[in-house]
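Student: I want to learn to read contacts, cores, ring pairs and strands in a model. Please take me through them in turn.

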Amino acid sequence: MKNIVLIGGSYGIGLAIAELMQNEYQLYILARTAPQTAVQATFIPFDAGTDEFPLAQLPDTIDGFVYCPGSINLRPFRGLKMENFEQDMQVNFFQMARCLQAAMPRLTNSVSASVVLFSSVAASMGMPFHSSIAAAKGAVEGFAKAIAAEYAPQLRVNVIAPSLTHTPLADKFLNSELKQEKANERHPLKRYGQADDMAQMAVFLLSEKSSWMSGQVMHLDGGMSTLLVHS
């Protein structure tokens, strides 16, 4: 049974991934809080911002690595301070890179390991009020391609770039029927994302079904990044 490490798998997309994979994989969830629902996984309390990566508590071989923590920091550029940019870079990029670097010796023990990271539709589209998060997620995409090239063919690295997805992190953008209706209308497929949409893609990227795929950014965004919305 393959060993999968989920950083931040206690709720939202991470928990949805765990729920889909729990019966076929050995899961290790590293998060600040325990999963909100019961899943078959080893839970290890871990704060990616402050704690040392708990390598000693993980198996000698890691076959899959998913980094889920992120941020949604939307405000005009004129109102952003450098601290805001630094915080978004810390959560989305620096902490991810630190965790992945610590796990890399165990990942390279695998015959065919897969790494899944998360970006945002804002990294490829010019969207107002997204300058900080777009910068951080753009760093994730560039990093992923470089690491995919450096570790090929032993390690695959791919990125999921969602649009607005219904998770606790995005609750303030979807906490009324009016907001939900407007979010639906912004997408060519006329609905915003669900955690399960992202989880299904992550499971595919972690599996051997995607064994000939690496260095890719999967735009899972309801068509927003490529399709014109019809009026």
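Tutor: Start with contact: it means heavy atoms within 4.5 Å. This is a predicted model, where local features need pLDDT of at least 70, side-chain atom pairs count only at pLDDT 80 or more, and totals for chains, interfaces and linings use all residues. Residues are numbered from 1 along each chain as its sequence is written, and side-chain values use heavy atoms, with hydrogens and water left out.

Student: Which residues does Gln22 touch, not counting residues up to four places away in sequence?

Tutor: Leu27, Ala38, Val39 and Gln40. Helices (H or I, at least four residues) and strands (E, at least two) are DSSP runs, numbered from the N terminus. Gln22 sits in the loop between helix 1 (12-21) and strand 2 (26-31).

Student: Is Gln22 buried or exposed?

Tutor: Buried means under 20% relative accessible area, exposed over 50%, partly exposed in between (1.4 Å probe, protein chains only). Gln22 has 17% relative accessibility, so it counts as buried.

Student: Which backbone atoms lie by a polar atom of the side chain of Gln22?

Tutor: A polar contact is a pair of N or O atoms within 3.5 Å; within protein, one must be able to donate a hydrogen and the other to accept it, and residues adjacent in sequence count only if both atoms are side-chain atoms. For Gln22, the backbone oxygen of Glu19 is 3.4 Å from a side-chain polar atom. The backbone nitrogen of Gln40 is 2.9 Å from a side-chain polar atom of Gln22.

Student: How many residues does the largest nonpolar core have?

Tutor: A nonpolar core is a set of buried Ala, Val, Leu, Ile, Met, Phe, Trp, Tyr and Cys residues joined through side-chain atoms within 4.5 Å. The largest here has 35 residues, and Leu30, Phe65, Leu107 and Leu117 have the most contacts inside it. Helix 2 (82-107) is one of the elements that supply at least two residues. Helix 2 gives the most to this core, with 9 residues. Apart from it lies another core of 26 residues, including Leu15 and Tyr25.

Student: How do I read ring pairs?

Tutor: A pair of aromatic rings is described by the distance of the centres and the angle of the planes. Rings of Phe, Tyr and Trp (its six-membered ring) pair if their centres lie within 6.5 Å; planes under 30 degrees apart count as stacked, over 60 as edge-to-face and the rest as tilted. The whole structure holds 4 aromatic pairs. Phe77 and Phe85 have ring centres 6.2 Å apart and planes at 70°, so this pair is edge-to-face. Phe77 is exposed at 59% relative accessible area, while Phe85 is buried at 17%. Phe93 and Phe143 are also edge-to-face, at 5.4 Å centre to centre and 85° between the planes.

Student: Why does the pair of Phe93 and Phe143 tie together parts that are apart in sequence?

Tutor: Phe93 lies in helix 2 and Phe143 in helix 3 (131-151), so the pair joins parts 50 residues apart in sequence.

Student: Which way do the residues of strand 6 point?

Tutor: In a regular strand the side chains alternate between the two faces of the sheet. In strand 6, Leu155, Val157, Val159 and Ala161 point one way, and Arg156, Asn158, Ile160 and Pro162 the other way.

Student: Which strands pair with strand 6?

Tutor: Two strands pair if DSSP finds at least two bridges between them. Strand 5 pairs with strand 6 in the parallel sense over 6 bridges, and Leu117 has Val159 as its bridge partner. Strand 9 (residues 217-220) also pairs with strand 6 in the parallel sense, over 4 bridges.
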